[in-house]
Amino acid sequence: MATSTYVERLVNLLDPERNVLLNATPEEAHAALASGDPERVRAIDGQFALVHKDGITVRLARSIGRPMRYFLAKRTEGPCLVIAEQMREIRDFLEEEGLGDQFHPSYTRMVPAHHVTEIELVGCPDPNPSYTRFFAPEQDALPPDLDVIGEAYIGALANACQRWLDQIEDDAPIGVLFSGGIDSGSVFLMLYHLLLERGQSPARLKAFTLSVEGGSDVEQAHAFLDELGLSMFLEVVEVERDAVDFREAIRVIEDYKPLDVQAATMALTLCRGIRARYPGWTYLVDGDGGDENLKDYPIEENPELTIRSVLNNLMLYQEGWGVDAIKHSLTYSGGQSRGAVRSAAPARHFGFEAFSPYSLPNVIEVAEGIPFIELTDWDVEKLYALKGEVVRRGIQAITGLEMPVFEKQRFQRGAVDEEDFDALFPEDEMTYRQAFREIYA
C-alpha cells in the first residue's frame with residue numbers, strides 16, 4: 001500500500017529590514033533562533049521578528065515592538081505556513097494562490113512575544129505549536145531605593161537609545177511622538193542628551209504633538225519644554241476633527257479593543273500629519289511600553305484586575321495572562337504583545353521606521369526587577385505615583401536634567417477636548433467589533 005508524502009511549504013512575507021537589531025547581525029540573530037536555545041535568543045537586543053525553518057520544523061520569535069502573524073493553509077500536496085505582519089497580507093497571498101476561501105481573520109495566529117514558537121509542518125491533522133519562553137526577568141531584583149531604581153531603569157533606556165543611534169545615519173532627522181507625558185518626555189530628553197554627548201546636532205530632533213482642534217497635550221507639551229528651555233524643538237500638528245476616523249484605525253491595526261483603537265486613531269492622525277509635512281522623514285520614536293513597565297494603568301477601570309494580580313503576575317501588562325492561560329487569545333496574544341500594533345501599524349502605514357525603546361526586553365527586565373510590593377505595600381495610589389518618581393530621578397541621574405512630571409493622561413484623551421472625544425469615539429465596545437467584522441464581511 002502506497003504511503004502519502006506531504007510536501008510542506010513556508011512563505012515568509014515579513015520585511016527583514018524592519019528588524020532593529022542592536023547587538024547582532026541578521027545572520028547572528030537567525031543563527032540564535034536556529035539553535036533552538038532560548039538563552040541565545042534572549043541575548044538578541046532589539047526589536048525583531050525572526051523565522052527559521054529546519055526540515056518540517058519552523059521556529060518563530062519576536063519582541064513586543066514587531067508584530068508577527070501566521071496562518072496554516074491546506075494544499076493537496078501538503079501544508080503551507082504563511083507568515084506576515086498583518087492579516088490582510090496573509091489574505092491577499094492566499095487569494096493569489098487560489099486558497100482565499102480558507103481565510104478567516106480568527107484563523108490567523110499572533111506569535112506571542114518573548115517565546116520561541118515551534119510549529120511542525122506534518123500535514124493533517126496539524127499539531128498545536130509549542131512555546132518556549134526565552135525572556136523571564138527576575139522580579140524584585142533591585143533594592144527598594146528609588147534613586148538606584150531610577151538610574152538603573154533610565155540607564156537601560158539610555159543604552160537602548162544609544163545603540164539605536166549607532167544604527168541610523170548621523171544626520172537623519174528623528175521625530176518623537178510627544179505629549180509632554182512621562183514616557184514620551186523621558187524619551188525625548190534622553191535622545192536630546194545623547195545627541196549632545198555624541199557631538200551631534202540636536203537640531204535633527206523634533207517633538208511632534210497632535211492637536212485635534214485643541215486638547216490638553218499642546219499646553220502640556222509647551223509647559224514641559226518651556227520649563228527646560230527647549231521649546232524650539234516642539235512642532236504641533238494641528239488637524240480638523242473630521243480627519244480623525246476610528247474605523248480607519250481598525251482597518252490599519254486589525255483589532256477592535258477600544259483603548260488600542262483610540263490610541264491608534266490618534267497615532268494614525270499624527271503620522272499622517274507628519275508625513276504630509278515631511279515626505280522624506282524616516283525615523284519616529286515613541287514612549288509606548290512605559291505604562292506597562294511601571295504598571296501605570298487605572299486598575300479600577302478593568303474589572304478583571306486587582307492590585308494583587310497586577311503585582312504578583314510576571315509581565316502581566318506586557319503579555320496578558322500568558323500562553324498557558326484560558327483567557328490567552330491565539331488570534332491576538334495578550335497585553336502589549338497584542339497592543340503594540342497601536343503604534344507599530346500606524347507608523348508602518350505611512351512608511352516610517354518606528355522604535356519603541358521602553359518595549360525592549362533589556363528595559364523591561366529592569367522594570368520587572370523593581371520591588372513593587374515592598375515600595376507600595378499594596379496601595380494603589382502609591383503604585384500610580386511610583387512611575388513619575390522613578391523616571392524623574394533616573395533622568396536627573398543620567399542626563400542632569402530636571403524633568404517636569406504632570407498628571408497622567410492617555411494620548412487619545414490629551415489630543416482632543418472631552419466633548420470632541422465623545423463625538424469621535426463610540427462608548428460601546430460592540431461598535432468597534434462590528435467595524436472590524438465589516439472589513440472581512
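Colleague: Is methionine 315 buried or exposed, and what is its relative accessible area?
Modeller: This is a predicted model, in which local features need pLDDT of at least 70, side-chain atom pairs count only at pLDDT 80 or more, and totals for chains, interfaces and linings use all residues. Residues are numbered from 1 along each chain as its sequence is written, and side-chain values use heavy atoms, with hydrogens and water left out. Buried means under 20% relative accessible area, exposed over 50% and partly exposed in between, with a 1.4 Å probe and protein chains only. Methionine 315 therefore counts as buried, with a relative accessible area of 0%.

Colleague: What is the phi of methionine 315?
Modeller: Most residues other than glycine have a negative phi. Methionine 315, although not a glycine, has a positive phi of about 50 degrees.

Colleague: Where is serine 333, and what is its relative accessibility?
Modeller: Helices are DSSP runs of H or I with at least four residues, and strands are runs of E with at least two, numbered from the N terminus. Serine 333 has its place in the loop between H11 and helix H12 (335–339). Serine 333 is buried, because its relative accessibility is 4%.

Colleague: Which loop holds methionine 232, and what is its relative accessible area?
Modeller: Methionine 232 is found in the loop between helix H6 (216–227) and strand S13 (234–239). Methionine 232 is exposed, because its relative accessible area is 58%.

Colleague: Where is glutamate 427, and what is its relative accessible area?
Modeller: Glutamate 427 lies in the loop between helix H18 (418–424) and helix H19 (429–439). Glutamate 427 counts as exposed, because its relative accessible area is 81%.
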